[in-house]
Amino acid sequence: MMTRRQFSKLIVGSSLLASVDFGEKSGPLAHPAQSANPDYDLLIKGGTVIDPGQNLHAALDVAVKNGKIVQLSPDIPATRARSVVSAKGKIVTPGLIDSHVHVFESMGPITVNADLYCLNRGVTTVVDTGSTGYAGIAAFKKYVIGSSATRIYALLDINGFGVMMGLAGEYGNLNWVNPQSTVRAAEENKPEVVGIKCRLSRETTGPNDLEVLKRALDAAETSRLPLMVHIGDSYSPLPEIVKQMRKGDVLTHCFNGRPNGILDANGKLLPVVLDARERGVFFDLGHGSNSFDFDVAEKCMQQNFIPDTISSDLATTSINGPTFDLVTTASKFLLLGLTLDQVIERVTVRPTRVFNFGVELGSLRPGTVADISIIEVREGSFVFDDTDGKKRTGRQKLQSVAAIRAGRLYVNRSEDS
Ligand SMILES: [Zn+2]
């Protein structure tokens with residue numbers, strides 16, 4: 001019998017015209033139109049386009065040719081396209097971007113398959129945040145980036161091995177924390193490498209955290225890349241870390257509920273955090289298995305402090321809950337009070353302002369690569385979990401339906417569909 005994983009891989013790997021099954025209720029997804037010489041390869045018809053980068057929220061059809069978006073307008077005739085996808089009752093967005101995942105599959109215990117858990121859940125582009133450092137980036141590029149349908153970029157962990165070994169105390173040996181080797185690997189692996197990463201928690205650094213930060217900042221500065229800093233129960237007080245972050249750097253796990261978070265004992269945002277945002281430091285969610293607390297999120301949102309990017313931090317430790325995938329993570333922000341457009345903005349255009357992907361992503365502007373997501377907004381009563389045992393009930397849940405990556409259609413299958 002075919003396993004679920006094999007089945008999903010088959011779906012992800014199907015070609016445009018073979019991807020005809022759109023799920024039980026909706027009938028065929030893509031069907032050939034009758035035209036001898038069609039103007040378009042693919043037409044996404046009848047959906048509501050939400051493209052916050054262009055301030056668009058309207059009923060529009062989206063036409064694709066040669067892997068590029070060529071037209072957005074109301075009511076493009078189906079006969080003009082070789083293949084038509086019905087998006088009636090659904091949302092059509094730029095291909096979703098997840099700014100924080102771990103997809104160096106089979107290397108170490110925590111990484112997952114990108115196509116299975118990202119593209120298959122509506123995410124066309126991901127940033128692997130330090131699954132490896134300089135020691136493994138060439139292998140990551142060759143065996144993961146090169147063989148995945150998902151568009152994958154990487155941050156280099158300042159530790160040569162990154163998190164792929166899954167060992168605690170990864171910065172215990174500072175001989176492995178080498179800015180020169182990291183800079184060389186970043187230069188050799190651009191444009192796929194879009195930043196540097198360090199993880200500053202007590203269990204990863206011991207007392208070395210400020211030295212690790214110094215070396216990571218050194219590597220980021222020399223390679224002219226942003227530094228993503230993981231926080232949560234750091235050895236040193238958070239202000240010591242945040243005040244050193246530069247404009248364009250990223251603080252991830254911003255809503256974690258562990259000691260040394262971004263709130264003071266009274267639940268107010270630390271002045272150093274407000275100052276960092278003012279200076280142009282970005283704040284990334286990085287949900288994961290240990291870094292999203294509803295109480296922290298609510299207190300921050302009440303002070304109008306919203307993450308710049310909503311990301312999953314997907315790994316084996318979170319794919320079976322409480323994270324599941326990016327759209328489930330994003331759904332939690334609907335119940336926290338963001339509008340659908342604000343949520344979509346944080347998984348499309350916002351990540352493109354943080355990282356230089358070398359190609360225009362996060363937009364449905366004609367002329368850009370045809371990375372597109374089709375999403376359903378389900379209405380009902382949905383219970384969501386944080387990573388600290390707290391629950392909230394929301395009235396809406398996002399469900400990925402299909403992803404188009406460079407003009408090619410992939411039908412999605414979520415766990416609960
Ligand atoms: Zn992570």
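The model is predicted: local features need pLDDT of at least 70, side-chain atom pairs count only at pLDDT 80 or more, and totals for chains, interfaces and linings use all residues. Residues are numbered from 1 along each chain as its sequence is written, and side-chain values use heavy atoms, with hydrogens and water left out.

I begin with the metal. Three residues coordinate the zinc ion, namely His100 through NE2, His102 through NE2 and Asp313 through OD, at 2.1 to 2.2 Å. Donors here are N, O and S atoms within 2.8 Å of the metal (3.2 Å for Na, K and Ca); water is not among the atoms, so sites may look incomplete. Along the chain, the zinc donors follow the spacing H-x1-H-x210-D. His100 sits in strand β9 (residues 96-101) and Asp313 in the loop between α9 (294-302) and α10 (326-335), so this pair links distant parts of the chain, 213 residues apart. Helices (H or I, at least four residues) and strands (E, at least two) are DSSP runs, numbered from the N terminus. His100 counts as buried because its relative accessibility is 0%, and Asp313 is buried at 12%. Buried means under 20% relative accessible area, exposed over 50%, and partly exposed in between, with a 1.4 Å probe and protein chains only.

Next comes Lys197, in strand β12 (residues 193-199). A polar atom of the Lys197 side chain does lie 3.2 Å from the backbone oxygen of Thr129.

The structure holds eight aromatic pairs, defined for Phe, Tyr and Trp (its six-membered ring) by centres within 6.5 Å; planes under 30 degrees apart count as stacked, over 60 as edge-to-face and the rest as tilted. Among them, Phe161 and Trp176 are edge-to-face, at 5.1 Å centre to centre and 70 degrees between the planes. Phe161 is partly exposed at 26% relative accessibility, and Trp176 is partly exposed at 35%.

Note on methods
A polar contact is a pair of N or O atoms within 3.5 Å; within protein, one must be able to donate a hydrogen and the other to accept it, and residues adjacent in sequence count only if both atoms are side-chain atoms.
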